[in-house]
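Please take me on a tour of this complex, one selection at a time. I have the viewer open and would like to know what to click next and what I will find there.

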Amino acid sequence: MAETMGLVQDVSATPSRVPPIVQVDDLHVRFVSKDATVYAVNGVSFTLDPGEVLCILGESGSGKSVTLRALMRLLPRKRAVINGRVIVDGHDILSLSTSALSRVRGEIVSMIFQEPMTALDPVYSIGEQITETVRRHEKIGRAAAEARALELLELVQIPSAKRRLKAFPHELSGGLRQRAMIAIALSCRPRVLLADEPTTALDATVQIQILLLLRQLQKELGMSVIFVTHDLGVAGEIADRITVMYGGRFVEEGPTTAVMRDPLHPYTRGLLASTVHGQMHRERLRTIEGSPPNMEMLPAACSFAPRCRYAVDRCLEGVPDLHRPFPNRSARCIRLEEIGSMT
Amino acid sequence: MSADSVAAAQAGEIPIGQLRSRGYWRSVWVRLRRDKVSVACAAVLILIALSAIFAPLLSPHDPYQGNVVKRLAPIGTAGYLLGTDELGRDMLSRLLYGGRVSLFIGLFPVFCALIVGGTAGIAAGFIGGRTNMAIMRLMDVFYAFPSILLAIAISGALGGGFSNVILALALILVPPITRVAESVTTQVRSYDFVEAARASGAGTWTIIRVHVLSNVLGPIFIYTTSLISFSIIVASGLSFLGLGVTPPTADWGLMLSTLRQAIWINPYAAALPGLMIFVTSLSFNLLSDGLRSAMDVRL
């Protein structure tokens with residue numbers, strides 16, 4: 001029953017034939033140091049349509065933030081080895097020259113960060129930080145840049161914006177700081193916004209305000225957003241599409257409602273069962289046994305198998321391919337059908 | 001425009017176009033001015049500096065011309081307000097002239113060390129890796145010796161004299177400044193706003209100029225000001241040991257050294273150079289503390 005509903009929604013949500021704005025093919029990232037090599041991202045592929053909000057869901061260490069940073073080549077140059085192909089708005093990010101990359105960053109893709117306290121420079125006022133960014137990309141005068149800064153603060157709904165232009169980060173509350181950071185990220189009207197857990201450091205009440213704001217801005221400006229979070233509730237609130245990441249791979253992908261209502265992969269099922277949302281009072285939360293995989297030596301097998309209730313010997317024979325039981329939905333599990341009939 | 005700004009001011013808002021009008025340094029200045037100790041110390045230091053600069057105008061006597069008859073005159077002797085030293089030279093004149101040498105020897109090596117150590121430390125912190133390793137291990141070599149002994153060794157090896165003292169002091173001041181600069185830079189570099197700047201398209205030089213320097217210079221500067229008193233004391237110590245400036249130059253440390261034999265005959269006059277060193281270094285230290293708390297406004 002639930003699965004047919006998912007199916008119906010998939011058909012209605014089939015994207016039109018506009019070319020994707022972000023296309024990632026077989027992305028691999030590993031961090032090499034003297035003592036160890038950490039395989040952070042192991043073959044991630046996805047596309048993002050213009051105006052779409054994609055949420056990458058995963059626990060810490062699953063490679064979600066690394067994937068996000070690879071989209072802007074923000075990883076440390078000496079230690080991170082990136083392979084694969086990343087196309088953003090027609091630019092091949094991984095082969096761009098430094099100067100071309102600087103132009104893409106901010107103008108086409110920009111990013112907001114988790115911790116609004118440390119992501120704003122404490123010695124400059126909010127207005128100065130916005131005008132700085134604007135003038136880095138556009139040849140406009142100081143007055144015009146300041147007018148734009150004011151517009152941006154109004155856009156992100158900061159009250160008494162004119163006065164706040166001169167405020168320093170430490171003079172603002174957490175929510176306002178996060179709004180200011182969004183304003184800076186939007187200052188050059190990027191086409192893709194990357195958000196790295198932007199609500200994690202905020203109060204629950206402020207969280208929802210920021211999510212609503214991001215959703216509204218995304219619609220108004222027609223941006224595409226990739227949103228990284230470990231919070232299922234946040235993902236359900238903002239995303240059109242969810243992908244679940246585990247051990248540096250996408251283990252499940254699909255439209256938000258379908259994934260939330262009817263998860264395919266055992267890991268996603270475990271995640272949903274272990275959240276506080278939707279349980280009855282006094283019903284015990286189920287946790288996922290075991291701990292996340294060691295990213296220094298990933299086996300050539302399903303990386304979730306050691307923690308999986310449904311694992312069989314066959315699971316250890318190789319990395320499972322993506323199975324597509326429904327259009328628009330996929331999961332990296334060889335026992336999808338069997339598990340589906342089990343529950 | 002003026003009507004506009006009046007209206008804006010009444011509405012509690014400030015017209016745009018003046019984002020820089022109330023900057024960080026201005027708020028530091030306001031806070032520093034409210035601190036009575038800092039203001040007092042600054043006043044004392046300005047007074048000492050002015051008296052040193054205008055020593056030729058203020059001195060009642062030639063600081064090098066002694067009067068054998070009036071040796072070791074006590075404080076308050078007619079014509080010699082602060083008495084005379086063991087060669088009958090006017091103490092007041094010598095203290096005024098001595099301030100020139102002592103302040104210069106105290107300040108100039110710190111300034112040199114700030115330039116060298118600050119650059120090396122910021123470079124080490126920002127570049128990291130092997131460069132950091134090379135610079136910081138080199139500094140550790142200097143750290144292996146107690147700094148005062150190192151200063152004595154250097155000026156002992158090079159011989160006394162004005163420029164050698166400055167060199168020796170600058171050399172012992174570079175390692176601590178480098179270390180502080182390196183640790184602050186490493187810390188700032190790890191902040192998200194550096195990554196945020198990179199994510200918004202800033203190049204390496206922009207990041208260093210706009211984000212790293214502005215956050216790093218304050219702490220380095222504060223630390224450096226706290227070294228001024230140390231430098232003055234070590235310089236005096238070197239002079240006292242005969243490794244610094246040579247007689248008959250008027251210098252507080254040297255005066256303390258030559259007058260120490262007279263401590264039983266004319267104790268107050270003999271203590272005067274020490275008092276000057278004490279007051280000056282204390283004022284620098286307290287002012288540096290005040291500056292530290294005035295600049296510590298964020299986070």
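## Stop 1

Start by selecting Val29(A), and then pick out Ile82(A), its bridge partner in strand 4 of chain A. Keep in mind throughout that this is a predicted model. Next, select Phe31(A), which stands opposite Ala80(A) in strand 4 of chain A. Now colour the whole of strand 1 and strand 4 of chain A: eight bridges join them, and the two strands are antiparallel. Strands of a sheet pair through backbone hydrogen bonds, in either a parallel or an antiparallel way.

Follow strand 4 of chain A onward to strand 5 (residues 91-92) of chain A, to which two antiparallel bridges connect it. One pair to click here is Val88(A) and His91(A), the latter being the bridge partner in strand 5 of chain A. These two strands form a hairpin with two residues between them, and Asp89(A) in the turn has a positive phi of about 50°.

## Stop 2: an eight-stranded sheet

Now move to another open sheet in chain A, with eight strands in the order 6-7-8-3-9-10-12-11 and mixed pairing. Its edge strands are strand 6 (109-112) and strand 11 (323-326) of chain A, each of which pairs on one side only.

Then bring in two helices. Helix 7 (residues 174-185) of chain A packs on the sheet, where it touches strand 6 and strand 7 (192-196) of chain A; the direction of this helix makes about 170° with that of strand 6 of chain A. Helix 8 (residues 204-221) of chain A also packs on the sheet, touching strand 3 (53-57), strand 6, strand 7 and strand 8 (224-229) of chain A. The direction of helix 8 of chain A makes about 160° with that of strand 8 of chain A.

## Stop 3: the largest pocket

Which residues are closest to the centre of the largest pocket? Select Leu75(A), Pro76(A), Arg77(A), Lys78(A) and Arg198(B), and you have them, out of 37 residues that line the pocket. The space in this pocket is about 1600 Å³. Elements that each supply at least two lining residues include strand 1 (22-32) and strand 4 (80-88) of chain A, together with helix 5 (91-127) and helix 9 (192-199) of chain B. Coloured by class, the lining shows 14 nonpolar, nine polar and 14 charged residues.

## Stop 4: the cavities

How many cavities of 30 Å³ or more are there? The count is three. For the largest cavity, select Thr133(A), Ile184(A), Ala196(B), Ala197(B) and Ser200(B), which lie nearest its centre among 19 lining residues. It holds about 210 Å³ of space. Strand 6, helix 4 (126-137) and helix 7 of chain A, along with helix 9 of chain B, each give at least two residues to this lining. By class, the lining has eleven nonpolar, five polar and three charged residues.

The second largest cavity has a volume of about 80 Å³. To find it, select Cys302(A), Cys308(A), Cys315(A), Cys333(A) and Ile334(A), the nearest to its centre of the 14 residues that line it. This lining consists of twelve nonpolar residues, one polar and one charged.

## Stop 5: confidence

Finish by colouring chain B by pLDDT. Its mean is 80, and 85% of its residues reach 70 or more. Among the elements of chain B, helix 8 (residues 162-189) has the highest mean pLDDT (89) and helix 1 (residues 2-10) the lowest (45). Over residues 1-21 of chain B the pLDDT is below 50, and this stretch has 26 contacts in the model beyond near neighbours in sequence. Where pLDDT is low, the predicted coordinates should not be read in detail. For the complex, the predictor gives an ipTM of 0.78 and a pTM of 0.75.

How values were computed: Residues numbered from 1 in each chain as written. Chains lettered and ligands numbered in written order. Predicted model: local features only at pLDDT ≥ 70, side-chain atom pairs only at ≥ 80, totals over all residues. Heavy atoms only, no water. Pairing = 2+ DSSP bridges. Helix = DSSP H or I, 4+ residues; strand = E, 2+ residues; numbered from the N terminus. Contact = heavy atoms within 4.5 Å. Axes fitted to C-alpha atoms, helices over the stretch in contact; angles between N-to-C directions. 1 Å grid on protein atoms, 1.4 Å probe; cavity = no way out; pocket = protein on both sides within 12 Å on 5 of 7 lines; lining within 4 Å. Points joined across faces, edges and corners; volume = space filled by probe spheres on them. Nonpolar A, V, L, I, M, F, W, Y, C, P; charged D, E, K, R; others polar. pLDDT = per-residue confidence, 0-100.
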